[in-house]
Amino acid sequence: MLAFILRNIGQRLILLVIVSILAHTIVHLAPGEPSLVDPSNPRMKAEDIERIRAAFHLDDPLHVQYYYWMRDLLNGDLKSFKDNQPVLEKIWGRFLNSLPLFILATLITWCVAFPFGISSALNRGSTYDKTGTFLSYFLISFPGFFLSSLLIIFIVQTFDVPVISMRTFGLEDASAWTQINDRIWHLTLPALMTAILGIAVLSRFVRSQMQEVILHDYIRTARAKGLDEDNVIYKHALRNALLPFITMFGLMIPGLISGSVIFEQIFAWPGMGRLGYDAILSRDFPVILTLNLIAAVLTLIGTLVSDLLYALADPRIKF
Amino acid sequence: MPDTLVQDDLKPHVSPSQERWNVFRRNRWALLSGLLLLGLLGLALLGKALTAGTDPVIDSATVRLTQKMLPPFSVYNQDTIAKEDAPLFGVYLLGTDDFGRDLFARMLEGTFVSLTVGFVAVGISVTVGIFLGGLAGYYGRVKLGFLTVDTLIMRFVDIMLCFPTFFLILTAVALLPPSIYNIMIIIGLTSWMQTARLVRADFLALRDQDYVLAARSQAIPEWRIIFLHCVPNAMAPVLVSATIGVATAILTESALSYLGFGVQPPDATWGNILADGRPLIFDAPWLTFIPGLTILLVVLAFNLCGEGLREAFDPKLRESR
C-alpha cells in the first residue's frame, strides 16, 4: 500500500515537472511579450524595451528563465510583471473568491444530476427519460454567455436584485442580514450557470452507468430472493454505479480555473479565471505559468486521491 | 455465398450497416438532426458561393450607414442607398446591424466559416488522436529504452489532461497573432486526448485479431496494417465523439469571440456576430437572438445526431432496448 502511494506520488512529480517545462516553453516561445503589449505607445523607446526585457530576464535562454521562475516560485518571492505584487498572494486571494462559487456549483450539480440520472435510468424509454435527455442536450448546446445574458435580464427585471460582481457597492454599513442576502443573490446566478453544464454532462453519465449496472446478474439475484425494490436499487445497484464517479472527482478540479473564465468575466466575479484572463491580456508570464502549474498540481492531487479512494471502495482492486 | 446458406436462411437478414441505419432511423430526433445538418452543409456551400469573390452576389460587407439596426423584414430604402448596394430581394430578411450590414448576408457567410472552424478543428484532433492512439495500441509492447511506447504516449495524454483546457486555448490564441487558422489548429491540438484513448482501447483488442496476423504474414507494411486494416475497425466510437466534437468546437469559438479572441473581422462567424450583438440586446434584440438561437439549434443537432450514432454503433445500448 505504502509502496503504491509512494510510486504514484513519484510518477506524478515527474509529470508535474514535464507539465511545467511544457507550459513554460509554450508561453515563452509564442510571439508577444510584456514589452510589446502597447506597441503604438510613442513614449516607448527602444531603450525602454531593452530595459524591460533585461528586468524580466527575457533576454536569457529559456532554461535559465525556467530556473529563475522555479527558484522564485519555491522561495515564494515570485513577482507579477504587471504590478510587482507577489504572485502567490494574488492567486490565494482570488482562490478564496473562486472557492464559494466552485463549491456551490458542485453542490447544485450533484444534488440535481444524481437523482435525475438515476430516475431516468430506471424509467428508461419513458417520456420522462426522453424529455430529460433532450433537456440536458438543450442546455449544453446553449452558448454560455448568451444564456447568461438572458438569465441576467430575466432575474434583474423580475426580482429587481443586483447580480453582477460579488457584492453591491456601498452596502458596507447595512445590517448583516442585508449583506448576507446580497451576497447570496450575487452568488446564485454564476453558480447556477456553472452548474448547468455539469448537470447536463453528469446526469447523462449517471444514467448510462446505472443502466449498465441494473442489467447485471446480481441485481436479478437480489430481486429473485425477494428484496424490495428500494433495497435493490439503492443498496445493490447504486453502490456499484457510483464507483466510476470517484475517478471523475479528480478530473473536475481543473474546472476551478478553466471552466470559470467565461462566467467570471460575464459576472465580473474577481476569481482565478479572471485573474488568468487579465494576466493573458497583459502578458503577465509569472501569473499565467503559476496558475497553470497550480491547476496541474490540483488535478494530480485530485487523481491521486480518487485512485486511492477507488482502491478502498472497490475490493476487487489489489495493490 | 453458397446456395445452401441462402436456402437455409442462415445468412443474416440485414447487414450490420443496414441494422445501424434502422436503429438510427428509429430515433426520430437523431434523424431530424441529421437531415438538418445535411441541409446546413448545403446552405454553407451555397453561402460561400454567394458571398465569396471580389464581386459577390450578396455582399456581407456593404456598409449602409443610413439604414442601421433595422428589424427583420424591413424593406430597403431606395432613396438613400445606391441600387447596387440593395440586399437580396430588396428586403433585409434578418434586419441590419449597427453598421447597416445585412444580417442575412452575414449569417450566410458565417455559416461556412463556423462550420469550417468546427470541422477542421475536429479533423485535426481526430487525426492526431488516431495517430497517437493507434501507435500506443499497436506498438504497446515495444520497448524504447526502459519505457514502452504505450506508457510514453499515454503519459503524454495524462500531461495534456493536466492543463485546464479552455485556459490553455485562451493563452495560445491570445499570444499568437489572431487568425482563423490558429484558432482551428489550437482547438484541434487541445482536444485529441479523448480520441486517442478510444482508439488505443480498440487497438488493444484489434492487434491480436486473426486478420492482423494474416496481413502480417503477407509482409504487408506495418503502417498499412495500422491505418488501412485496423483504423477502419476502430472508427465507430471516434465518429461519435467527433460529431459531438464539432459542436464543442463551435461553442468554444463563440466563447473565444465573447472574450475578443475569436475569429477577427471582417470574417463573420455566428460566434462573433453574437458577441458583437450582445451589447445591443435592448435596442436590436435580433442581433443577439438570431445568431444565438442558430448556434443553439446547430449545436443541439450535432449533439442529438451524435447520440443517435452512439446508439446505432453500440450493440450494448441496442440489445437492452
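Which residue of chain A forms a salt bridge with B:Glu307? In this predicted model, the partner is A:Arg204, with the closest N and O atoms 3.2 Å apart. One salt bridge is what turns up across the interface of chain B and chain A. As for polar contacts, six residue pairs are found across that interface, both residues of a pair being at pLDDT 80 or more.

Helices H5 (149–162), H6 (165–175), H11 (235–258), H12 (270–277), H13 (286–313) and H14 (315–319) of chain B each bring at least two residues to the side that touches chain A. The biggest share comes from H13(B), with eleven residues. Sorted by type, the chain B residues touching chain A come out as 31 nonpolar, seven polar and six charged.

Now for the overall contact. Chain A puts in 47 residues and chain B 44. Between them the two chains bury about 4,200 Å², and 78% of that lies on carbon and sulfur atoms. In chain B, the residues losing the most area to chain A are B:Cys162, B:Phe167 and B:Leu175, which together make up 18% of what that side buries.

One of the contributing helices, H11(B), can also be looked at by itself. H11(B) runs for 24 residues and spans 34 Å from its first C-alpha to its last, close to the 34 Å expected at 1.5 Å a residue. After H11(B) comes B:Gly260, with a positive phi near 90°.

How values were computed
Residues numbered from 1 in each chain as written. Chains lettered and ligands numbered in written order. Predicted model: local features only at pLDDT ≥ 70, side-chain atom pairs only at ≥ 80, totals over all residues. Heavy atoms only, no water. Contact = heavy atoms within 4.5 Å. Buried area = accessible area lost by both parts, 1.4 Å probe. Salt bridge = Lys/Arg side-chain N within 4 Å of Asp/Glu carboxyl O. Polar contact = N/O pair within 3.5 Å; in protein donor to acceptor, adjacent residues only side chain to side chain. Helix = DSSP H or I, 4+ residues; strand = E, 2+ residues; numbered from the N terminus. Nonpolar A, V, L, I, M, F, W, Y, C, P; charged D, E, K, R; others polar. Expected span 1.5 Å × (residues − 1).
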